[in-house]
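This briefing sets out selected local features of the structure shown below, grouped by topic. Please read it alongside the coordinates.

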Amino acid sequence: MSSGIHSVQHEDRIFPPPADFAARMGTLHVPDLATYQSMHERSIRDPEGFWGDVAKDFHWFKPWSKVLEWNLPDAKWFVGGQTNACFNAVDRQVEAGHGDEVAIIWEGEPNAAGPHGHEVRHITYRQLRDEVARCAAALESLGVKKGDVVTLYMGMVPELAVAVLACARIGAPHSVIFGGFAAQAIVDRVQDAQSTVIVTCDGAHRRGTVVPLKANVDAACERLPDVRHVLVLRRTGTDVPMKAGRDVWWHDVVAKQPTTRACEPVDAEHPLFLLYTSGSTGKPKGILHTTGGYMVFTAATARWTFNLVPNSGQVYFCTADLGWITGHSYIVYGLLPNRVPTLMYEGAPNWPGDDRFWSIVARHKVTHFYTAPTAIRSFMRWGDRHPAKHDLSSLRVLGTVGEPINPEAWIWYHEKIGGGRCPIVDTMWQTETGGHIITPLPGATPTVPGSCTLPMFGVDAAVVDDHGHEQPANTGGLLVIRKPWPGMLRGIHGDRQRFIDTYFSRVKGMYLAGDGARRDQRGYFWIMGRIDDVLNVSGHRLGTAEVESSLVGSKLVVEAAVVGMPHEIKGTGIAAFCVLHPDHAANADENMRKRLMEHVARDIGAIARPDMIRFTNGLPKTRSGKIMRRLLRDIAAGKETTQDTTTLEDFNVLAKLRESDEA
Ligand code: WTA
């Protein structure tokens, strides 16, 4: 299990759903634990019956002939059915007479609109449909066809959601790249996906500065000869060069399109998107999600987990970026079918002040707030006075995602943000799972700080040993899912073997999540951290191998080992042990450390910047040549600051002492 501040917790405070919660929500989809249990039991015993019933609430151009076909490791859901995820998110609402309801509330970075101005847009389902149809037609005018992967590298502007939906509309899978990633990340992902069209912005506002998105795309395109078109949205007004024949402006190409492009009926298993995420080795992998199962699973889980009620005054605010799975599933695809306005924001949580989110909550009367534990720990550090300044009484349900939440942060969130009256849903899931796999339901599940509690409907989660046998209560083991569920990944783009090796090899016949976990005497799940070389930095996944290869790529370092270390805010910080190139070994100082940190940030993105770099003459290795990561993790954990000496370390003695342990 990875080290970290979230080791096994012993926590016995129980928070049942507040007595007046049902009254406050009006409707509860799952009103109590007994209902949860009987629904869960049915969903596992009869998945086809269960999901067939759920899927009937969606629009299908052609009904399915079979709910599930399972040939391990391949699941097909709603076989033979034809649908469209954009239609179910948008057009359907307009056709049913809800076109004037607000679909998206968007708030730009303050100050971008002028001093302390709040640039706000309310976009109705009808407006959204028209803009999505125009964007879809524009993509087609640029040569995009059904099945072509379109890369989206944009800031958090409504047009990013529009572009996502436009791709879904025409059956062109999207590949969204987080706007915080740098040029090399774009190159890797565009190449792997063989994508020839990129949609971007001139720049993105963040903390009063402009992130040069278009410049990053230009730099990437120097290494991407196959990119035919770049569609550029003007957001910041920054001067950007436009390459003739390749680059076109959104306001030129999209604005002039008709709104008539209808949704393309696609097979239930037609690819909806690729989303790249870090694995334990090598390059990020393109996780493939398909249309029918993902659409049904995200919309249904959003409804259950957050108890969404259509057009009932609820306002839902998820602070994630659309560049991550949380944004895909729980800002766009899972929300829009539920007719609860989804609030997107541009900028940062601490700009122009540390109360940015609370100001948003108060002004928009947000009822549902969904964020990451790392953010909550920052809020705590910034101080109680920031939430205290604002009226947060509209809040009903709070959520967390991305990493285990430490009980102190949970309690603070509950009291200072939720006013003690809002259930907290600690949602455990992954890019690969498409949607929530283990989570409390706010009106049904008593919560315990630090536990993600019980499995979602249709998810047969268990903690097992390597042979697939369930572990007794309070014994750590591997988190697996024993049966297919509609939102599960369908593959890794272009790498069938890696798909099988990563998820379906270690424990026979089961999906391996890659996390260690235990269940307590109540059957509640406690996630104990990754079992592979994936770090969870501020709730974002990062492969140690990616950071290592960036360090070596600097040419200053000949060998590097990256491990996680406890970090008060980020949960896990990045510690890098580097062997400098002989030409630079004499410069093992603070300057070199800064240079390497900057190099990684420029190469991969700021989230990958090491928190600590230590220089060494050689890395500690076992006799078989494996780096002794556990030893390095221990050393990194012992020194949480970057204040340590700059002298080169010699691991030989330690390594010898520890070798028997590690091998
Ligand atoms: C971790 C994010 C504990 C876990 C949606 C998982 C969590 C990885 C939780 C997936 C949680 C996510 N409690 N750990 N509530 N949610 N994780 O793909 O290690 O970016 O495997 O998806 O985050 O990260 P990913």
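In strand β17, Met 344 is the bridge partner of Trp 106. The model discussed here is predicted.

**Strand β17 and its partners**
- Strand β4 (residues 102–107) runs parallel to β17 and is joined to it by four bridges.
- Strand β16 (residues 316–318) also runs parallel to β17, with two bridges between them; here Tyr 316 has Thr 342 of β17 as its bridge partner.
- Within β17 (residues 342–345), Thr 342 and Met 344 point one way while Leu 343 and Tyr 345 point the other way, and all are buried.

**The eight-stranded sheet**
- An open sheet of mixed pairing is formed by eight strands in the order β12-β11-β8-β6-β7-β14-β15-β23.
- Its edge strands, each pairing on one side only, are β12 (247–249) and β23 (491–492).
- Inside this order, β6 (residues 150–153) and β7 (residues 174–176) pair in the parallel sense over three bridges, and Val 150 stands opposite His 174 of β7.

**Helix α3**
- Helix α3 (residues 47–55) is largely enclosed by the rest of the structure, because seven of its nine residues are buried.
- The buried residues of α3 are Pro 47, Gly 49, Phe 50, Trp 51, Gly 52, Val 54 and Ala 55.
- The cover over these residues includes α2 (33–45), β1 (66–71), β2 (74–79) and α10.

**Helix α18**
- Buried residues in α18 are Met 592, Arg 593, Leu 596, Met 597, His 599, Val 600 and Ala 601.
- Among the elements covering them are α17 (544–553), β28 (557–567), β29 (571–580) and β30 (612–615).
- Gly 605, which follows α18, has a positive phi near 145°.

**The second largest pocket**
- The second largest pocket holds about 380 Å³ of space.
- Of the 17 residues lining this pocket, Asp 57, Phe 58, Arg 303, Pro 337 and Asn 338 lie nearest its centre.
- Helices α4 (85–98) and α10 (291–306) each contribute at least two residues to the lining.
- By residue class, the lining comprises ten nonpolar, three polar and four charged residues.

**A buried aspartate in a loop**
- Asp 460 lies in the loop between β20 (424–427) and β21 (461–464).
- The relative accessibility of Asp 460 is 13%, below the 20% limit, so this residue counts as buried.
- Leaving aside residues up to four places away in sequence, Asp 460 touches Ile 44, Val 480, Ile 481, Arg 482 and Lys 483.

**Backbone geometry**
- Most peptide bonds are trans, and most residues other than glycine have a negative phi.
- Leu 72 and Pro 73 are joined by a cis peptide bond with omega about 0°; Pro 73 sits in the loop between β1 and β2.
- A cis peptide bond also runs from Trp 351 to Pro 352, with omega near 0°, and Pro 352 belongs to the loop between β17 and α12 (356–364).
- Asn 311, although not a glycine, has a positive phi of about 45°; this residue is in the loop between α10 and β16.
- Arg 339, also not a glycine, has a positive phi of about 55° and is found in the loop between α11 (325–333) and β17.
- Arg 339 counts as buried because its relative accessibility is 16%.

Key. Residues numbered from 1 in each chain as written. Predicted model: local features only at pLDDT ≥ 70, side-chain atom pairs only at ≥ 80, totals over all residues. Heavy atoms only, no water. Buried < 20%, exposed > 50% of the residue type's maximum accessible area, 1.4 Å probe, protein only. Contact = heavy atoms within 4.5 Å. 1 Å grid on protein atoms, 1.4 Å probe; cavity = no way out; pocket = protein on both sides within 12 Å on 5 of 7 lines; lining within 4 Å. Points joined across faces, edges and corners; volume = space filled by probe spheres on them. Nonpolar A, V, L, I, M, F, W, Y, C, P; charged D, E, K, R; others polar. Pairing = 2+ DSSP bridges.
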